[in-house]
Structures are given as structure tokens and as C-alpha cells.
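Subject: A structure for you to explore

Hi there,

Here is the structure I promised to pass on.

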Amino acid sequence: MTQEEVFKQLTSHAKEYGFVFQSSEIYDGLSAVYDYGQLGVELKNNIKKYWWDAMVRLNENIVGIDSAIFMHPKIWQASGHVGAFNDPLIDNKDSKKRYRADVLIEDYIAKIEEKINKDIEKGKKKFGDSFNEEQFRATNPNVLRNVAKMEQVRARMAAALNNNDLAELRQIIIDCEIACPISGTKNWTDVRQFNLMFSTQLGNISDESGVIYLRPETAQGIFVNFLNVQKTGRMKIPFGIAQIGKAFRNEIVARQFIFRMREFEQMEMQFFVRPGQELEWFAKWKENRIQWHKALGLGDEKYRFHDHDKLAHYANAAVDIEFEFPFGFKELEGIHSRTDFDLGQHQKFSGRKIQYFDPETNESYTPYVIETSIGLDRMFLAVLSSAYTEEKLENGEERVVLRIPPVLAPVKLAVLPLVKKDGLPEVARRIMDDLKFDFNCQYDEKDSIGKRYRRQDAIGTPYCITIDHDTLADNCVTIRDRDTMQQNRISIDSLRDYISERVDYKNVFRKLHKID
Ligand code: ATP
């Protein structure tokens, strides 16, 4: 199966099993807006808990807030969003489809990268064990030509974006002979800037003064509360403020399922430091965040760092953590050194003094900020896409299994009486009642035990227990492991400890270090 087909299977699986639904589906859907179903919300909540506790429980110097989505419109002037939160867009005159100019160019670069990888694969096959990738990259003429081409296009795009040179962006698209994927033509309009913020009206004020925005990021809610939290929490620099919440962007290209949505959720943390120490903290956060990702066990090779080609006007360092989604490596999280830009701007626009008195240096200053910003929905997609596996079993049967890390699995335990009679359901119910506040459990007595196992595999339940006639005599149940499909006999009294040991967040948190 191609990657594209796997991705299609994954999205229909997500719908079929109640993870993600298209918004307003019975009205033919609303583009790039999604609803989370009964299992999706559990997975999402588990991811949130993993992030939140790793921030605010592990680190005594990080606290959380929950600020409102609506904010004073001046905030978005101060932050630069009104003036500059734009994407460069371009239309194809034949298909009438609209694209982000930089994304068209990035897709073109990704195709060249694919060619390079194919040549490397070919080399591997040809030379077998004696293959030396480094040497191959340094000498193979095809690879060298493609790398040079890729680097040249990347450098041109970075320069065009940095200089806000829209004509040059268009010229790159023309020079690279990029065609519209729908019409196949190269009949492009000029490149224009498009502001991504959604606006609405406040109360009964219908003129310009009543315009307010749906926040395009949660970060500003943290900055404008800096003094509130610092003072009431008696926080000492360095310290951080974390927040999870909705953000809204009127994305031009909305595709790839929940990767790019118009309404999505962010998990952001702003860490306030002494001026001059920001790059040191930036390096620490870079390390800390990759460790958080890797501790989940989705596969270390699925992550890579990507330095920004274009630094935002406020940043003096920025890196993305990219994840290998079914459609290639893409941004999952951004780590930015935002200098004192945000607090400085809010000081200017609000007229309030936003400074910190440092008792150690006896100085007042505007703190510098390191931001870590991850899309909850993208994290959800990373977990789901790496978990989705179609397997052929030894007996020739096939199964679809979601190998979700047990700590994040929506349902931890399925309780299955072998038959619907002979007192087995009663025992099963007693076990459910005993454990349901420790873990999310699901009771199922319908269909053959094999079918019930498949249903649980398909939603990623790490453990199933079967209550059979022997249970009545020996007080034991059969416990089946999702990944190995191995079955063991275990006493009912030891179930809680057995499962806790394997699904507890503590197992993952032990692998993490606090920031200091
Ligand atoms: P992109 O380049 O993909 O548009 P970005 O650089 O604009 O992303 P940031 O502004 O750094 O993204 O936002 C931080 C995080 O929020 C991103 O790493 C991503 O995980 C998430 N995110 C941003 N836009 C969206 C979206 N439209 N849908 C889902 N998640 C998003």
C-alpha cells in the first residue's frame, strides 16, 4: 500500500471507531473543522494530561492558566498579528484553487528529497552490505545535482520570505515549473498576502471599533497575564506559564485531515528568563521537548529538528520538531526564542509597566521568553498514525491494531465474560465496578471472543481479560496483551496492580527530567 492509501485507511478507521468525525457531517461537512468522538476525546485528554503534568507537576517553577479566547483587539495589534499574520497565497486561474505559495515550493522541495531517497535506496540494493551512504551522497552525480537544486530553491524561498518579496515567490514557482495539482497548468495569479485571523463583532457595536478576533494562538493570553501570575504566584525568574486551549486560523490550504485545521488546540508554554540567558534556555528546552516526545516510544527515528529558514521578526532562534507523518516529515512543535518582544510590545500598547524586579541582581528588566508550542491535534495525529498497523497473523487472518502507547490508550482494559450466562457476566460486572475508577474500562459480552479481541485491537486497548467457568473456581482470569497477543492466567486480586504498572503515567514521567 502507498503512504497515501495508508493515510486514507487511517482516516476512515478514525471515523469508524469513534475517534474523529467531520464537523457538521449531516450538512455535508465544514471544511477543515473536525469533531472528536467518544474515543477521540479520551485519547486527546490523555495527551493533554501527559503534556500538562510534564510541565506543571514535574517543574515547580511552571504554573498553568486558562485565559479567554476573546481578548482586547489592541492585543493583536501589539503582537503584530493584525499587520503581519499573513500567508502568501496564489491562485491557479484554471482550477480556481488557492494555495500557499511557500507550501507549493516546500512540496516541490519534498519531491526532490524523495528522489534523493529513492536513489539512495537503489544504491543500497545494488551494493548490499558494502554500501556507504555518506560516500554515496558525496559522489553520486544524481544525488549531488538534486541536493544542489534543493538547496538553491530553499535559499531563494528563505530570502523571498525574509524580504517579503512576493514577486520573487511567484518567480520561484514559475522557474521550478510547479503545476497546479488539480488543473495541471502553470497559469498562476500574482502572490498576495492573506491575513489568517477570524474576526467577529463585540456585542451591539457594528462599526470597526467593535471588531474582535478569535485568538490565532494561545500565547498572548499568557503574556498579558504575566504580571498577574508573577505577582499572585510569587514567581521568581526563571519560571514558566503553561496553557492548553483553542486557537483559530483561516488557513488557506486546509487538508491532510486534522494536520491543518481552522479550529484547533494548542499546548503552549512561555518560559521567562533573564536577558542574555535566553539562548542557553533555548538549548535546554530543545533537549527537554525532544525527550518528552521520545519517552512515549513512538520511535526515535520519527523525529527530527528543523531550523527555521525564516526567523519571525521577534525571534532570535527557532527550531521545529518535525514528525514523520504518513505524508512525510512535518512540523509538530515549535520552540522559539521570542526575546522581550511580546512583553515589550504590551508595555508599549497598554501603557502599563511590565517589568520584573530581580532580587538576585537588584535590577528591573523586561524578561526574555522561550516558547514551546505544540498542536494537540497534530500530536493526536502523530500518535494515531504511528499506532495504526495492519497485520497478517500466523494463522493467515488479518487484524488492524492501534499500537497506542498504553499510557495514552483511550480504553485500558476490556472486561469480557466468555458467555452471557452461568454467572460469568456478574463476575465481570463486579470486576468492572471495582476497577472503573482506576482505569477506563469497557464491558463487552457480544459475539465470539475472537471478534471481541479484534474490536479492542482496533481501538488500541492494551489489555483484555476473559472471565470463564474456571474463574468461578480459581478466582483467576485470562489476560491478553494487545501487542504480543499472549495470554496469561492471573488472579482477580492482582489485576489492579498488574495493569497500573503498565499503564501508569509515572512510567513515562520517570524518563523525563525537570528543567533546571
Ligand atoms: P505551519 O507552518 O504548519 O502553518 P506554524 O509554524 O504557523 O505552522 P505555529 O504558529 O508555530 O505554527 O503554531 C504552533 C503549533 O501549533 C504548530 O507546531 C502546530 O503543531 C500547531 N498548529 C498550527 N497551525 C495549526 C493548524 N492550522 N491546525 C492544527 N495545528 C496547528
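What follows is a short tour of what was found, from the overall layout down to single residues.

Please keep in mind that this is a predicted model.

**The layout**

The protein chain is split into three stretches: domain 1 (1-73 + 197-402), domain 2 (86-195) and domain 3 (411-508). Taken over C-alpha atoms, the centres of domain 2 and domain 3 are 51 Å apart.

**The seven-stranded sheet**

Start with the open sheet built from 7 strands, in the order E3-E9-E10-E16-E13-E12-E11, with mixed pairing. At its edges are strand E3 (62-65) and strand E11 (303-307), each of which pairs on one side only. On average, neighbouring strands in this sheet are turned by 25° against each other, ignoring direction.

As a reminder, strands of a sheet pair through backbone hydrogen bonds, and they can do so in a parallel or an antiparallel way. Strand E9 (residues 239-248) and E10 run antiparallel and are joined by 10 bridges. If you want a spot to look for, Gln-243 stands opposite Glu-268 in E10.

Next comes strand E16 (residues 368-375). Strand E10 (residues 263-273) runs antiparallel to E16, with 8 bridges between them, and here Gln-266 faces Gly-375 in E16. Strand E13 (residues 328-339) also pairs with E16 in the antiparallel sense, over 6 bridges, and Ile-335 stands opposite Thr-372 in E16.

Is strand E16 enclosed by the rest of the structure or open? Since 8 of its 8 residues are buried, E16 is largely enclosed by the rest of the structure. In a regular strand, side chains alternate between the two faces of the sheet. For E16 both faces are covered: Tyr-368, Ile-370, Thr-372 and Ile-374 are buried on one side, and Val-369, Glu-371, Ser-373 and Gly-375 are buried on the other.

**The five-stranded sheet**

Now move to another open sheet, made of 5 strands in the order E20-E19-E21-E22-E23, again with mixed pairing. Its edge strands are E20 (441-443) and E23 (487-491), each pairing on one side only. Strand E19 (residues 413-417) pairs with E20 in the parallel sense over 3 bridges, and Val-415 stands opposite Tyr-443 in E20.

Helix H14 (residues 424-435) lies across E19, E20, strand E21 (463-467) and strand E22 (476-481), at about 160° to E20. Helix H15 (residues 449-459) lies across E19, E20, E21, E22 and E23, at about 170° to E19.

**A buried arginine**

Which side chain of opposite charge is nearest to Arg-452, and how far away is it? Arg-452 lies in helix H15. This residue is buried yet has no salt bridge, and the nearest oppositely charged side chain, Asp-444, is 5.1 Å away. A salt bridge here needs the side-chain nitrogen to be within 4 Å of a carboxyl oxygen. Beyond its neighbours within four places in sequence, Arg-452 is in contact with Leu-416, Pro-417, Leu-418, Asp-444, Glu-445, Lys-446 and Asp-447.

**Salt bridges**

Side chains of opposite charge can pair when their charged atoms come close.

- Asp-53 pairs with Lys-49, with the closest N and O atoms 2.7 Å apart. The two are 4 residues apart in helix H2 (residues 38-57), so about one helical turn separates them. Asp-53 counts as buried because its relative accessibility is 9%, while Lys-49, at 34%, is partly exposed.
- Arg-338 pairs with Asp-342, with the closest N and O atoms 2.9 Å apart. Arg-338 is buried at 2% relative accessible area, and Asp-342 is buried at 1%.
- Arg-496 pairs with Asp-434, with the closest N and O atoms 3.2 Å apart. This pair links distant parts of the chain, with Arg-496 in helix H17 (residues 495-503) and Asp-434 in helix H14, 62 residues apart. Arg-496 is partly exposed at 29% relative accessibility, and Asp-434 is partly exposed at 45%.

Finally, salt bridges with shared partners join Glu-391, Glu-397, Arg-399, Arg-403, Arg-454, Asp-457, Arg-480, Arg-482 and Asp-483 into one network.

Enjoy exploring!

Best wishes

Methods:
Residues are numbered from 1 along each chain as its sequence is written. This is a predicted model: local features need pLDDT of at least 70, side-chain atom pairs count only at pLDDT 80 or more; totals for chains, interfaces and linings use all residues. Side-chain values use heavy atoms; hydrogens and water are left out. Two strands pair if DSSP finds at least two bridges between them. Contact means heavy atoms within 4.5 Å. Axes are lines fitted to C-alpha atoms, for helices over the stretch in contact, and angles run from 0 to 180 degrees between N-to-C directions. Buried means under 20% relative accessible area, exposed over 50%, partly exposed in between (1.4 Å probe, protein chains only). Lys and Arg count as positive and Asp and Glu as negative; His and the chain ends are not counted. Domain bounds come from an automatic or database domain assignment.
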